[in-house]
Every structure is written in C-alpha cells, then in structure tokens.
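Here is a short report on a model and on how two of its chains meet. Look at the structure first, then read on.

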Amino acid sequence: MITSSFPPFVLFFVAAMLLPFLRGYLRHALLLAVPIVGGLGLIGLDAGSPWQIFLFGYELEPYRVDKLSLLFGYLFHLAALISIIYSLHVRDTMQHVAALFYAGSALGVVFAGDLITLFIFWELMAISSTFLIWARRTDKAMASGFRYLIIQMSSGMLLLAGAALLIYQTGDARFEYIGLHGLGFDNLASWLIFLAFGIKCAFPLFHNWLTDAYPEATPTGTVFLCAFTTKAAIYCMARGYPGTEILVYIGMVMTCFPIFYAVIENDLRRVLGYSMINQLGFMICGIGIGTALSINGAVAHAFTDVIFKGLLFMSMGAVLQMTGRMNGSELGGLYKTMPKTTVLCIIGAASISAFPLFSGFVSKSMVMSAALAEGYHGVWLVLLFASAGVFHHAGIKIPYFAFFAHDSGLRVSDPPNNMLIAMTIAALLCVFIGTNPQLLYGLLPNTVEYTAYDMTHVLAQIQLLFFSALAFVWLQKQGLYPPELHSINIDVEWLYRKLFPCTWNYIKRIYCSLAMSINEITGKILYGFGLSVAHIYGEQGIIKKTLQTNYAVFMVMLFLLGYLLFYLSNLN
Amino acid sequence: MADEKEYYFDKPKNMSFVLRILYTICGLLAAADIFVHRHTIHSWEDIFDFYAIYGFVACVSLVLIATQLRKVLMRDEDYYDNE
C-alpha cells in the first residue's frame, strides 16, 4: 500500500494540520480514516528500514520496521481508532488536533530507528499530550498540565544528554540494545537514557506525574493519554534494556505500592492511574527478567493493557461526562440508569483482574510464569499479592463504588452512542483476545510455545480472584473496608507541591526579615554617623564653631609665617 | 430526585442471592484442590488451597494496612490549593 512507504506519523501529522479547516461529517471522516488507513498500511510490512537519512555523518532511520515496532504500531493505531470514536462528539478543535499529533508522535517513537529521531518524537509526544490536559480549562488542570510538562521535558532533556553522549562515545546513532553495564562515567549515557525512559514508565518516585495529570485531563483526553506515553516508554525499555536485572525489582515495587494508594483514593480516575502504575510494573518486571517468554509477556501485557485500561478510563469518562463527578464518595447506584456502561466497565474490570477468558489473563500469566521459572520466587510472591490487589481496587472497587454501593440518587443515562461504540469495541477485543490468545502470541517478537489455558494456571487464578472477592465481602460486612471520603492522599508530589514551595517561602521570609534587620541596623549606624558628622560639621558643630573665616585666615598666616622662618633659617 | 422504580439490588434478597452464588463458587474452588493435580514449581504451591488462602489474606492485609496508611497520608481536598 502507498501508506506503507511513509512512516505512520506522517498521516497523523498531515491530518492534524488539515483538521481545523474541516467541519461536521468531513472532520469525522478524516478523524476515522487516519488510524484505519494507517493501520491497514502496516499489514504485511517486511522488516527493514524503508527510509534512511544521513545527517551530520550519522545514519538516521525514522521508520524502522521489525516485529517489536510493528506490534506497537498495530496497537497504537487500534488505540487511536478507539479513542477517536470515543471522542467524536467533542466540539473542540484543539483536543482533536492535539490527539492526532500525540498519537502520531507515539508512532514516531516506536518506529524510530535512531536516537535523534527518538528524541524528537519523545518531545513532541510530551508537548502534544499536555494540550489534552489543558483542554479541560480548569485552574487545576492548567497547573497540573504545567507540572506534567516540566517532568516530561526533564525526561526529554535526560534522553538528549544521554543520546548525545552515547553517539559521541560509539559514533553510532542507531537505537538498539543499550543495557546497563555498571557505574562510572563510561556508562553515564546508558544511565541517563535509562532514567529518561524510566520517568515515562512511571518508575517509583518519578510516578506522580501520571496520577497527578491523567485525572485532571478531559474525559476523552485521558483515554488518549493512558494509551500512548507509558506504552511508548515500555517499548523503548524493551528494546534498550531487556534483561536488566534492576528492572525486576523496580517492576516489583511498581506492582506493589500503588495498590495501597488505590484502596484509599477517592477520585476513581486517580485509582485507575495508580492501577496503571501497577500494570506497568508487571511489564517492567517482564523486561527485567529478560527471557523470550518474559519479554513476550511484557509486550503482550502492554497490548492488552492499552485496551482494558482504555475501556476502564472510557467507562469512568462516561460517568464523569454524564454526572460531572468522579469521586467515589459522590457516586453509586449508577447501574440503574447506565446499564450498558456498567456491563462494559465490568468487562474491563474482569480483564485487568486477569480473569480467565479475558485479555489480562493471557498476558499477565506469561510474566508470572517467567518469574517463577527463572527462580525469582520472592518477586513471584509479590506479583501474586499485587494480582490479588489489582482485582481488589480495579476489578471490584471501580465498578462497585461507581455503579453499585450506596445509591447516590444520580439518575443519568448511558453516554452518547459514539462513546458506547468505542467501549463496546474495546470490550469485544478484551474477550476476543482472552479467548483467542494465539492470535496475539503470533504477533509477539519472540517465538515461544506458551499455553495460558492449562488447569494449573486457570484454577490458581480463579481461586486467587474469588477468594479476593470473598475478602472484599467479608471486609464490607465487618465494616473494616475504608469508606470513600472527601480527601486526597499525599504522595511524592508533596515534595514539589508542598515541601519545596514552603521551604522556599520560609527562606524568603527569613531573607526578608534578615534584610529588614540589616536595613534597620544600617539605618541606625548611618543615623548615628550622620549625627556625629552634624556634631562636627553642623550649624553648632566643632568645625563650624572654630573655623570661622577670620580665624582661618589667621591660622593660614601663622602657617605661612612659620614656613618663611623655616626657609630663612635654612638659607644660612 | 424522585424515582419510584425498584431496581435489582434494591431488593435485599437479590443481594443475598448473589452472595450465596459467590460463597458456593468459593466452596467449590476450595474443594477443587482435592481433585485437581497441579504442575507446581514453588513448594508453597503444594500447600492445600494455597492460592485461595493467599488471595484472601493478601486482600485483607492490603485493606487493613491501607486503612492505617490513611492516618499518615490523608489530607483535606484543598490541601494543595495554597500552592
């Protein structure tokens, strides 16, 4: 196809530039055509780099096709299509243009064959996605967008520094396996790039941009946001750092700590944000283990996560759109008038919880099996804990507090048809992938025989999940489950939203009071000095008193006389 | 908002029906360990009903720990408003 000879981002960027000039059905047609035509263009592509550019003596490959990039290429086209359908009703040109630029930039990242191209799309992705947060046009969203942009740009700066250093050291700009090979200046470049990827993968301590910004974006914007940035970063990590052992432990922490936050968080889209970090943890863990099975598991989980997490964010977006509320404490009982959204949300919840026959099961179980097979037994136990936890907060909490629980009295209908269609496509894909995993396995980068549906896996997972559900019921009946409260929970962002500004204000206050004291003391000294000067030179001063003109003339005459006598005495 | 219609979970007997299904499934799953032979790797997997016990204990500990964390982490909604 003609589109296959162009990098996929071209189509998205051209459409984004044309979009402001179109209205109505033409605009909708263009929006829908872009991911469909682009996605079809990828089918049957052979591995290779159709485009090569030489710049400053370096070979750039803006369009590198292999199994890994192609898998993410399909995924991003699919995610773009679903998200575009979901947002078709939106009458905000800025959001549509930003979304197309964003999706195009994410495709630019996954098809970038060199570090320079990667950096350019990395930054474009950061800038274009920020507009989806600002598009909500609230003070909170504006502030959150700025924080998001600063952190995303910091990641870009680290990538630029690392890439420049790596290219200088190796003389090669290609983006291939990088790896971490110890500390020291020789490895600085690889650490810088690792950190740049890590920030966008939401590594612990660098994760707060996600839970801060995603819940502040527009209902449709969050659906785009959850699909691209983190998954593009996972792709980069899978290409640059497979088998890097530290990732196993970073991933393990990522699966574990967010679930505690998710249990006590009131904003349901923020709960999904924490849940997203938890899912990214499984992928990072799989990349760190580094076997063919675990890498396959990591990228397969990225694939399924985009769809089921997208579905959950879409269902919560529908709730936000229809009720104007997102806090668990203000919702409940919506199943009564939003039955379709409720069923679709439950399918997303079953998928993220890795119920057999749903998509999460066929991907997550690969990472779990790989961890166990490679002897990471402690890590496996933590992942198992996190699996039970994810069912608890995303599988049960999200549908329960939004659609069931106490009746909030809200009686809103299901969202517009385009939103329902998008959610239905995602839900069908969740079930389709869950029941036909071999189709997904066929797209994975490594050739490994793996069967998700054997009695051991299925029974173990069902036991884990049903007894987690039983625990939820027991805790509710005992009154031990924490109620949804109007509150927020402090996280790492406390450092830069509270501690640093407060410390800065404190330093400013100290400086100001110090400056005032110095001014006061200086003023007193100068006043005292002024008084002394006045005492000497003032109207009643000593000089004024003594140095009257006649007296001065007399003194000068005396001085001259003395000088004359001295001169005369020396003549002899 | 006035809403006279009665929905499925408004009737307590429907809620207890759903819960009874959950308890039955849990009972069957717990019993399944007697009949099903597993291919295990970790020795803990051989413990009777390991996954069921682990799932239950994990969720209860998760919620109890998270509830305690609230005492440290929870703030008013306008906590960051004077940034």
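## Where chain A meets chain B

A:Ile488 stands opposite B:Arg75 in S1(B). S3(A) and strand S1 (residues 74-75) of chain B run antiparallel, joined by two bridges. Strands pair if DSSP finds at least two bridges between them. Helices (H or I, at least four residues) and strands (E, at least two) are DSSP runs, numbered from the N terminus.

This is a predicted model: local features need pLDDT of at least 70, side-chain atom pairs count only at pLDDT 80 or more, and totals for chains, interfaces and linings use all residues. Residues are numbered from 1 along each chain as its sequence is written, while chains are lettered from A and ligands numbered from 1 in the order in which they are written.

In total, 45 residues of chain A are in contact with 39 residues of chain B. Contact means that the C-beta atoms, placed from the backbone, lie within 7 Å. H18(A) gives the largest share of chain A's side, 17 residues. The table lists some of the elements that give two or more residues to that side.

| Element of chain A | Residues |
|---|---|
| helix H10 | 246-264 |
| helix H14 | 359-373 |
| helix H18 | 455-478 |
| strand S3 | 488-489 |

Now take chain A as a whole. Chain A has 21 helices and three strands. Its radius of gyration (taken over C-alpha atoms) is 33 Å, well over the 25 Å that the globule rule (2.2 Å times the number of residues to the power 0.38) gives for 572 residues, so chain A is more spread out than a compact globule. The C-alpha trace of chain A spans about 130 × 65 × 55 Å along its principal axes.

Conventions
Contact = placed C-beta atoms within 7 Å.
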